[in-house]
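Subject: Handover of a structure for your study

Dear colleague,

I am writing to hand over the structure shown below. Please keep it open while you read the notes that follow it.

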Amino acid sequence: MERAAVELVGVTKRFGDDVTAVDDLELTIEDGEFFSLLGPSGCGKTTTLRMIAGFEFPTEGSIRIHGNEMGLKPPNERPVNTVFQSYALFPHMTVFDNVAFGLEMKKVSKADVEARVRRVLDQVQLAQRADARPSQLSGGMQQRVALARALVNEPEVLLLDEPLGALDLKLRQNMQYELKDLQSRVGITFVYVTHDQEEALTMSDRIGVMSNGRLLQVGDSHEIYERPTSRFVADFIGDINLIDGEISGSGSVRLSNGVEIEIPAGHDQSGSVTLALRPERLAIHRASDPPSPGRNHMKARITRRTYFGDVYFYDVDAGFDQPLEVKEENRPEIGTHDVGVEVTVSWTPDAANLVTD
Amino acid sequence: MTGAPVTPELEKGAERAESRRGFLIGSPASAYLVLFFAIPLVLVFVYSFASRSSTGLTVLEDWNLDSYRRLLDPLVVEIFVRSFVLALITTAVCLLASYPFAYYIATRGPGLRNVLLILVMIPFWSNFLVRTYAWRVLLGSDGVISQISQALGGESIRVLFTPPAVLIGLVYGYLPFMVLPLYAAIERLDWSLVEAARDLYADGWTAFRKVTLPLSMPGIVAGSILVFIPSLGAYVTPAILGGARTVLMGDYIVSQFLAARNWPFGSALSFAVMFVMLIAAMLYFRAGARTL
């Protein structure tokens, strides 16, 4: 089983003549990986998941699971299971019967079904509620039943369609850790669809960011956050300052406010570029402070200060169309800056990324 | 009242006002039901214990159970069993014919769905009696069925005035009462449940059997009761299509009131039919509820 868990080769899905939900997708998901498909609603991530599950078939291209071509195989003949967004628990069956459903379909012996269902219900801490109906359970419990119902079949790949979307914030955060733990324990490949960047960043081994049916960037959380390659990815994940500029020499850019700054080495672009800078990578200094070596500097004025408890958000006017956002921790040694004060904003060249449109 | 702090008394008063409003809104319907349903029903019940004079007049004295005793007469039992079986078959045929159709409608796009639903309801726009008479033309010895048979070199067929003719008429008449509740039940089905079953290795047929069918049970129960009850007491259809030899409960009750002028026995028959309907409906509801 050294082969990739899921391979999508040139997968395109069109609905009717004018809706292209998924556009020429190339993606390889490794065995045992926690892979997230991240994007706004309508970006094609759920359609991609449904094609892997077999609820939809690609208009073009090929899907392989551990090397086996899926073609037009119906869902019941694929070695994958799905955790649905709304859980889709059978309301007319008990928790036990819900979880046992897949095993019974596969004609597993009664004793084995009993043992395996009990074990997985134990794992999700629902052994006591085996005889309850789904409607008698809380949202979090229903979520765990849905998970148990899929995992009990020991699928080669587990597909999860925004499984935490219906839970409240606290529960969602707890479930994030639980899911990640569970995944590393069982070692099954997870393909996780979400529009929540925090979920994707905290849980995934790798993330694929989608927009308008296209896969824009694939990488681990760190790469996606620190090294976005496109304006969309930079903007969709976290807060970001996007600054227009012009390449003015090797390793330098003249920004639209006229300031010339250094950029990280290794870029071969020329002409117009967009610079992406995270608010927390910018620092604010008093105008009288001496410039620190190795950093880009820019004169600016504080136009707004917002208190978030753990951090301050500053809007600073540095001569661009939009104010720059700067995020500083709420620590006495950093200090605060008042609105209207002239300051200097600085960052290290490698904090900036050149992104494409 | 504005600005006064809320007290338990005030809240109770508001609740009382609310229930008074509910009663007022319901009162026209309640009055109608009491006047035209409850009172006549009580009258029928009272009459069923009355006796009959030699000239056929109902005498409201000498209260007795003779009419109920007569229910066990083999002739009455035979008519009853015939009606019961015919109503069962009608219900079964309606269910088998309607389910695929209701499923088809419920799974179409909104546009086509509305057109199909209107088509189901169009027959209601013309008179039931007229439509039943139309079947007389179709099923008679020179009707369409007979003509087709003859064109194919067969014999002339007369379905009219046989039990199958009544069955055809009943199924035709009550089909929409089965289609509509089935449609309503299937239409609000959560299709992700069917997908979940497919995802858990059920083939299409098994997913239908294990998920779609049990979850559409409320529609099956409602439709079956809506068809079974009027079929059991049907009068018009058997009278027009059944002929003299297929006497059913509806005919028989009418004949007791009109021809035989035995109102106490007619009343007892009516109550017996109602009782059976009630029991059947209760059993059916309970069976339906268990699957959910």
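Two strands are said to pair if DSSP finds at least two bridges between them. Strands of a sheet pair through backbone hydrogen bonds, either parallel or antiparallel. Please also bear in mind that this is a predicted model.

The open sheet of chain A

With that definition in hand, one can read a sheet in chain A: it is open, has six strands in the order 6-7-8-3-9-10, and its pairing is mixed. Which strands stand at the edges of this sheet? They are strand 6 and strand 10 (214-219) of chain A; each has a single partner strand, so one side of each is left without a neighbour in the sheet. From one strand to the next, the twist averages 20°.

The domain assignment of chain A gives domain 1 (6-79 + 155-233) and domain 2 (239-355). The C-alpha centres of domain 1 and domain 2 of chain A lie 34 Å apart. Five residues from domain 1 of chain A and five residues from domain 2 of chain A take part in the contact between them. On the side of domain 1 of chain A that touches domain 2 of chain A, one residue is nonpolar, two are polar and two are charged.

Antiparallel pairs and hairpins

Further along chain A, strand 11 (residues 241-249) runs antiparallel to strand 14 (residues 272-277), and six bridges join them. In this pair, A:Asp244 stands opposite A:Thr274 of strand 14 of chain A. Strand 11 of chain A is also joined to strand 12 (residues 252-255) of chain A, by four bridges and again in the antiparallel sense. Here A:Glu246 stands opposite A:Arg254 in strand 12 of chain A. The hairpin of strand 11 and strand 12 of chain A has two residues between the strands, and A:Gly251 takes a positive phi near 80° in it.

Strand 16 (residues 296-307) and strand 17 (residues 311-317) of chain A run antiparallel and are joined by six bridges. A:Ile302 stands opposite A:Val316 in strand 17 of chain A. These two strands form a hairpin with three residues between them, and A:Gly309 in the turn has a positive phi of about 90°.

The bridge partner of A:Tyr312 in strand 18 of chain A is A:Glu328. The hairpin of strand 17 and strand 18 of chain A has six residues between the strands, and A:Gly319 takes a positive phi near 90° there.

Chain B contains 13 helices and two strands. The radius of gyration of chain B is 25 Å, well over the 19 Å that the globule rule gives for 292 residues, so chain B is more spread out than a compact globule. The C-alpha trace of chain B spans about 80 × 60 × 35 Å along its principal axes. Of the 292 residues in chain B, 28% are buried.

Where the chains meet, 16 residues of chain A are in contact with 17 residues of chain B. On the side of chain A that touches chain B, the elements giving two or more residues are strand 6 (80-83) and helix 2 (95-105) of chain A. Helix 2 of chain A gives the most, with three residues. By class, this side of chain A has nine nonpolar, six polar and one charged residues.

Yours sincerely,
A colleague

Conventions. Residues numbered from 1 in each chain as written. Chains lettered and ligands numbered in written order. Predicted model: local features only at pLDDT ≥ 70, side-chain atom pairs only at ≥ 80, totals over all residues. Contact = placed C-beta atoms within 7 Å. Nonpolar A, V, L, I, M, F, W, Y, C, P; charged D, E, K, R; others polar. Axes fitted to C-alpha atoms, helices over the stretch in contact; angles between N-to-C directions. Rg over C-alpha atoms; globule rule 2.2 N^0.38 Å. Buried ≥ 20, exposed ≤ 12 C-beta atoms within 10 Å, placed from the backbone. Domains from an automatic or database assignment.
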